[in-house]
Structures are given as C-alpha cells and as structure tokens.
Amino acid sequence: MRTLRNGVLLVLAVPAMLAGTYLLAAAVLSRHAVDGQPAAREGVEVFVCSNGIHTDLVLPAVMDTVDWTIDLPDGDFPGAGPGASHRSFGWGDRAFYLETRQWSDLRPATALSALFGRGPSVMHVYALHRPAGSPDCGVVVLDEGRYRALAAFVRGSFQRGGDGRVIPLPGSGYGATDLFYEAVGHYSPVETCNEWTGKALRAAGVTVGAWTPFEGGVMRWVR
C-alpha cells in the first residue's frame, strides 16, 4: 500500500516539478537581457501591444522602406476605412486562434492541443489606427536598417504560395478589420506567441529578454 501511495505521489510530483522549472526559467530568462543597439532618437515607431496575455507588433502600413499593403491590401479589411494607418501582427496556434473567439470559448482540449499538438500556425493581422497613448502598448523607435530587419522577420513568418503571395484564410477574422493568414512554425511551450514577439524585437536589435514565453516578459522591456 505504501509503495502504491509513493508511486501516486511521484506521478503527481513530476508535473509539478516540470511546471515549476518552466516558470522559473521563464522568470529568469525573460529578465536576462539580450543587449541590442542603442535606441534611435528618430526613425520608425514600432508599437508592442498587449491584451494581458498575448502581444502583437503594430507597424506602419506604408513607408518608403516597407509597404505592408502589398501583401496585406486594404481590401482584406473592408471595415477598417481609409484611416487605418497601421497593421498589427500576432502569431500563434491556428486551432487556438480560430476556435477561441473569446475567452468563454476556451476548451481544455484546445489549450492542450496548442501546447503539445504541434499543429499549424497562423498570423493574425488587424488594420487599425496608430495606437499612440494606449496604456496597453509600449513603443520603440528603430532606424531604417533595424526596421527592415524587423519587417524581414515578420514577413518570413508568413507561409506563402507558389506565387510568393501570403495565404489568407477567407472569413476567418473576428470582424471586418482583421484576418488570419497561414504562417510558418509550430506553437509549443517554448515557441509561444510572446516568444515570437521577443524574437522579432531581437532581430531588430532591441534589448529584450533572452526568452519571453509570457506577455509580461515582453512588455517589461518596451514600457
């Protein structure tokens, strides 16, 4: 009987130890800076916005250096209107994004699939106004070269067809101002939506944590 009890305790202890190790690693590495280049005084404003769990990059829709409307035309966002000066980008698990329209839709099976299912990923894009002054957003300023590096990382996260174009998922948006596109990579406890944001910032030479699986690990560096 004692052996059985010890076995049950061991089975329960192992997941708790793994979870504790994961959280400790996230706490330490998200605070361990990967030093980037000094902040630019003038250049392109890049917003990093949070809903409390997930982070997005918000970039100007059109600039001389990068024109996002080539891949993501206004017609993909019919409800946005002519004042939609920016595009937001958020990467994540396809099933989780498309089956969890609001938090009340969240199901344990969907969450577990996102963590361990290694399913396909998507890029969620909104057409929106410049979010300056929003308490949910931080901002970094990048010179032209660093902004190009950031844009290259984001572009490389889209899956593309044989014609080189991004692949939209018609009717997949939450409304008329957003749409989902096929993306590359697989969501996992290591490669999370927030770590995608962290990688994008590191690619642009922004000082950020070495590993940022959670929202707070990203936002602490941009607010």
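Glu182 is buried, its relative accessible area being 13%, where buried denotes a relative accessible area under 20%, exposed one over 50%, and partly exposed a value in between, as computed with a 1.4 Å probe on protein chains only. The structure is a predicted model, in which local features need a pLDDT of at least 70 and side-chain atom pairs count only at pLDDT 80 or more, whereas totals for chains, interfaces and linings use all residues. Residues are numbered from 1 along each chain as its sequence is written, and side-chain values use heavy atoms, with hydrogens and water left out.

The average pLDDT, the predictor's confidence in each residue on a scale from 0 to 100, is 89 for the protein, and 86% of the residues score at least 70.

Eight salt bridges are found in a search of the whole structure, a salt bridge being a side-chain nitrogen of Lys or Arg within 4 Å of a carboxyl oxygen of Asp or Glu. In one of these, the side chain of Glu182 meets that of Arg94, with an N to O distance of 2.9 Å. This pair links distant parts of the chain, since Arg94 belongs to helix 2 (residues 94-99) and Glu182 to strand 8 (residues 178-183), 88 residues apart; helices (H or I, at least four residues) and strands (E, at least two) are DSSP runs numbered from the N terminus. Arg94 is partly exposed, at 27% relative accessibility.

Asp74 and Arg87 form another salt bridge, in which the closest N and O atoms are 2.8 Å apart. Because Asp74 is located in the loop between strand 3 (55-60) and strand 4 (86-93), while Arg87 is part of strand 4, the pair ties together parts that are 13 residues apart in sequence. Arg87 is buried, with a relative accessible area of 1%.

Within helix 4 (residues 144-156), Arg148 and Glu144 are four residues apart and thus separated by about one helical turn, and they form a salt bridge whose closest N and O atoms are 3.6 Å apart. Both partners are partly exposed, Arg148 at 42% relative accessibility and Glu144 at 46%.

Ala40 is placed in the loop between strand 1 (33-34) and strand 2 (44-50). Its C-alpha atom is 5.6 Å from that of Leu142, although 102 residues separate Ala40 and Leu142 in sequence. Apart from its neighbours within four places in sequence, Ala40 is in contact with Val141, Leu142, Asp143 and Arg146.

Terms used: Contact = heavy atoms within 4.5 Å.
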